[in-house]
Amino acid sequence: MTQSEYDADILVVGAGPTGLLLSNLLGSMGVKTLLLERNTSTVQEPRAVSIDDESMRALLAAGLAPDVAAITAKGYGSLYMGPDGAQFAEVKPFVKEYGFDKRNAFEQPEFEATLREALLRHASVKAKFGVTLLSFVQSEDRVVAKVEEAGQERDVTARYMVAADGGRSQTRKALGFPMEGSTFEEPWLIVDLVTTKNRCFHTEVFCDPKRSAITLPGPGGIRRYEFKLNKGETAEEAEEESFARKLLADTGPDRDEPIRRQKVYTFHARIAQKWRHGRVFLAGDAAHLTPPFAGQGMNSGLRDAHNLAWKLAEALHMENPDDLLDSYQIERKPHAWSMIDLALKMGKVMMPESALRGMMIRTGFRLLGLYGPARDYVAQMKYKPKPKFSEGLIRPVQTRCGAEVIGRMIPQPVVISAARDEGLLDSFLPDRPVVLVFDEAPDRVVSDEALQALQKAGAQVVGLTPEYINPVETGFPTFRDQSRFFSQTPFRDCLGQAMLLRRDRYIAALEPVASLTGLVPMIERLTAQKITG
């Protein structure tokens, strides 16, 4: 087949946050990737404003966490107020279970520009803007996409295609995949300010049946306001500046601050019925649309990228990768829907249907605040669904520890080595499967034969000791859990076990240290090592 400048292993359509992170991840893995975007640049107006700890971990995998951290306001919470302005609940999480703050404010234009610039680090990635996907066909071994650039049509060939082309995805429509779910009838007005006099570090949520409103902090002294429109109010009148000025005056001190953007949105709670057809995948808003009340729309797309990137990289070297690739939808779709459901439930708190319902909600939260564990459940965001799945590329077991941890993203503690090197766990792990031996003496329980068998299968062996045991290195790196995450349930019950970590840091399997080679078949499912090695 004649090679053109567009030929790639992976064709990514859409240079929003999902497509940009996916391309960076693939680039870090050395995968020949072509990213196409119909617009001439990344977005120039603010859209998403919050990035969570799971997404920051995905960015860390691509080497981008320090760049993004530099443009965020880290660790903000939420304050919930009733119609009289009295606070009835607060969410201020401080536990960094995955290595980062749970809520971080940013500006999407700056975020996308950072990810676009980072693509230049990867010789295997090429990004083309101002290129429109017209159509595509796929065969047994490739996808051929017809694109238009500068008025000229040409064909692009790739082994796989990922459509991250937004909520109105033309790829999804061409595949005939229907969206399941609903559309909110209540439109909201979004007002982004250039400057603010509101000095509150946290999000303010005004739960008033007369008009719900939210204010959100941003980096560099900016702020966003969101107002629910009432019946009879049209988008046309809501986008008049005078309308926004009145609402700003009713909500805080920012009535006269300069407005950067003022736009009405109708939110959706919908998910695609299927996410894969042959060699074509959906990701991000093309696969799911999430109301903004939990700040999870963009974050769900970044989770898609983190889940899919390594699977595509491995699939390129496998004879039959269907087991691997089918796991993408199996694992991601239920979790994406759980985030949509969380947003819907939070919307009911923010938008009480009546004064009576609002009073009942506020009373309930105040009663919860009287009981410490219940108060922490809200304040520490423990209501947020864990990054965990029960089906997919995992080997479930029904032991007490196994049932809780298999299929779950492993915590990311600060760890310290025998040589006193200190940092986040992921910074010491290679981009391949890891057998994490959690034991008081990992150096004593891993035999030379087991070490060689696991390495031959394609895994790196790493030891982890509880916080009360100093690590000793003999043959493989070993660290101490300085953050004590593994001293808490359910992981404290896994002492004397080895956890098989996938490349995206989810736990695929568990094995007693006495039978470590029992992990070899599962390692081979995760990698192309058996085929290529």
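Trainee: Before we start, what should I know about the numbers?
Mentor: This is a predicted model, where local features need pLDDT of at least 70 and side-chain atom pairs count only at pLDDT 80 or more, while totals for chains, interfaces and linings use all residues. Residues are numbered from 1 along each chain as its sequence is written, and side-chain values use heavy atoms, with hydrogens and water left out.

Trainee: Okay, helix α10 then. What span should its 14 residues have?
Mentor: Helix α10 covers residues 355-368 and should span 20 Å at 1.5 Å a residue; its end C-alpha atoms are 20 Å apart, which agrees. The expected span is 1.5 Å times one less than the number of residues. Helices here are DSSP runs of H or I with at least four residues, strands are runs of E with at least two, and both are numbered from the N terminus.

Trainee: Which residues of α10 are buried?
Mentor: G358, I361 and R362. Buried means under 20% relative accessible area, exposed means over 50%, and partly exposed is in between, using a 1.4 Å probe and protein chains only.

Trainee: And what do those buried residues pack against?
Mentor: They pack against β6 (87-91) and α9 (322-350). Contact, by the way, means heavy atoms within 4.5 Å. On the face turned away from the buried side, α10 carries the exposed residues L356, M360 and L367.

Trainee: Switching to the largest nonpolar core: which residues touch the most other members?
Mentor: F111 and V435, out of 97 residues in that core. Helix α8 (residues 297-315) gives the most to this core, with nine residues. Such a core is a set of buried Ala, Val, Leu, Ile, Met, Phe, Trp, Tyr and Cys residues joined through side-chain atoms within 4.5 Å.

Trainee: What does V435 touch?
Mentor: Not counting residues up to four places away in sequence, V435 touches L454, A459, Q460, V461, V462, A498, M499, L500, L519 and I523.

Trainee: V462 is on that list. Where does V462 lie?
Mentor: V462 lies in strand β25 (residues 460-465). V462 is buried, with a relative accessible area of 0%. Leaving aside neighbours within four places in sequence, its contacts include L429, V434, V435, F476 and F479.

Trainee: What about R420, buried or exposed?
Mentor: R420 counts as exposed, at 68% relative accessibility. Its phi is near 70°, a positive value in a residue other than glycine.

Trainee: And R505, buried or exposed?
Mentor: R505 is buried, with a relative accessible area of 7%. Phi of R505 is near 70°, and R505 is found in the loop between β27 and β28 (507-512).
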